[in-house]
Amino acid sequence: MRQQPVLSVIKLRKSYSGKAVVDAVSFAVRQGEVVGLLGPNGAGKTTILNMVLGLLGPDEGQVSIDGLDIAKYRIKAMERVNFAAVYAPLPGNLTVEQNLRIFGMLYGVKGLTAHMNKLIVQYGLEKFRKTRCGLLSSGEQTRVSLAKAMLNTPRLLLLDEPTASLDPAAAQDIRDGIRDYAANGGSALWTSHNMQEVEAVCDRVLFLSQGRIVLEGNPAGLPLEHGAKNLEELFIRVAKEALHLEKTGL
């Protein structure tokens with residue numbers, strides 16, 4: 001019997017002022033899989049993430065997490081999910097420790113203090129424990145957001161450009177951590193404009209253009225299938241085609 005996907009997205013649609021920004025998108029993320037959601041700015045990536053989180057209602061379609069339709073069982077479904085993005089910092093007037101404790105309590109994390117301390121060490125935040133998050137650098141804030149995202153040991157992790165503000169060494173640590181998370185049964189949907197990062201982390205990629213999935217496959221093999229040297233060259237080609245279609249009004 002085939003295992004039920006952790007995330008199932010079926011014919012998702014979202015329009016603004018009559019223009020479809022997400023147009024009949026369907027895909028799944030299986031247990032232990034890291035899937036890259038790729039595409040140029042405006043392709044619909046963040047809109048999809050917001051619909052998966054239940055922050056934005058679709059015009060049509062269904063999102064299910066562990067078989068739970070989020071339109072009907074949002075609270076139960078969201079217990080299995082967490083999220084991190086560079087544009088969603090934690091409250092700046094609270095310290096690192098306060099933020100993690102409050103979010104841990106909201107998620108009902110058992111053994112919260114021990115788990116929180118483990119994450120503080122894992123993400124190199126020991127010396128910032130008592131520092132207000134608003135005083136941290138963007139890279140340090142990103143590490144706090146990632147620690148927060150792992151508080152409830154999520155079945156599904158949604159990551160929107162999670163390493164964009166990190167230095168190369170810190171970014172590598174985060175990538176290694178996500179691969180370990182997936183190796184232990186976690187699943188992730190990851191957006192990034194860093195194609196080398198995507199190749200290193202993702203098991204499968206989905207290319208979006210004008211709200212639709214136009215390509216899907218293994219990040220190593222997909223470029224070869226379409227006559228590109230690497231994933232970055234393929235990304236640039238997809239982005240240019242999308243720009244051309246936008247200019248011509250097709």
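First, the ground rules. The model is predicted, so local features need pLDDT of at least 70, side-chain atom pairs count only at pLDDT 80 or more, and totals for chains, interfaces and linings use all residues. Residues are numbered from 1 along each chain as its sequence is written, and side-chain values use heavy atoms, with hydrogens and water left out.

Start with the sheet. Six strands form an open, mixed sheet, in the order β6-β7-β8-β3-β9-β10. Strands here are DSSP runs of E with at least two residues, helices are runs of H or I with at least four, and both are numbered from the N terminus. Two strands pair if DSSP finds at least two bridges between them. What stands at the edges? β6 and β10 (212–217) do, each with a single partner strand, so one side of each has no neighbour in the sheet. On average, neighbouring strands are turned by 20 degrees against each other, direction ignored. Axes are lines fitted to C-alpha atoms, for helices over the stretch in contact; angles run from 0 to 180 degrees between N-to-C directions.

Now β6, residues 81–85. Five of its five residues are buried, so the strand is largely enclosed by the rest of the structure. Buried means under 20% relative accessible area, exposed over 50%, and partly exposed in between, with a 1.4 Å probe and protein chains only. Val 81, Phe 83 and Ala 85 point one way; Asn 82 and Ala 84 point the other. In a regular strand, side chains alternate between the two faces of the sheet. β6 pairs with β7 (residues 156–160) in the parallel sense, over five bridges. Asn 82 has Leu 157 as its bridge partner in β7. For Ala 85, the partner is Asp 160. Helix α5 packs on this sheet and touches β6 and β7; its direction makes about 175 degrees with that of β6.

Next, helix α3, residues 96–106. Its buried residues are Val 96, Glu 97, Asn 99, Leu 100 and Gly 104. They cover an arc of only 165 degrees around the axis, which puts them on the same side of α3. That arc is taken from the directions from the helix axis to the C-beta atoms. What covers them? The cover includes α4 (112–122) and α5 (138–149). The face turned away carries the exposed Met 105 and Leu 106. Just after the helix, Gly 108 takes a positive phi of about 65 degrees.

Leaving aside neighbours within four places in sequence, Asn 99 contacts Leu 90, Pro 91, Leu 94 and Cys 133. Contact means heavy atoms within 4.5 Å.

Last, the rings. How many aromatic pairs does a search of the whole structure find? One. Phe 207 and Phe 235 form it: tilted, 6.3 Å centre to centre, 55 degrees between the planes. Phe 207 is in β9 (residues 204–209) and Phe 235 in α9 (residues 231–248), so the pair ties together parts 28 residues apart in sequence. Ring centres must lie within 6.5 Å for Phe, Tyr and Trp (its six-membered ring); planes under 30 degrees apart are stacked, over 60 edge-to-face, the rest tilted. Phe 207 is buried at 0% relative accessible area, and Phe 235 is buried at 13%.
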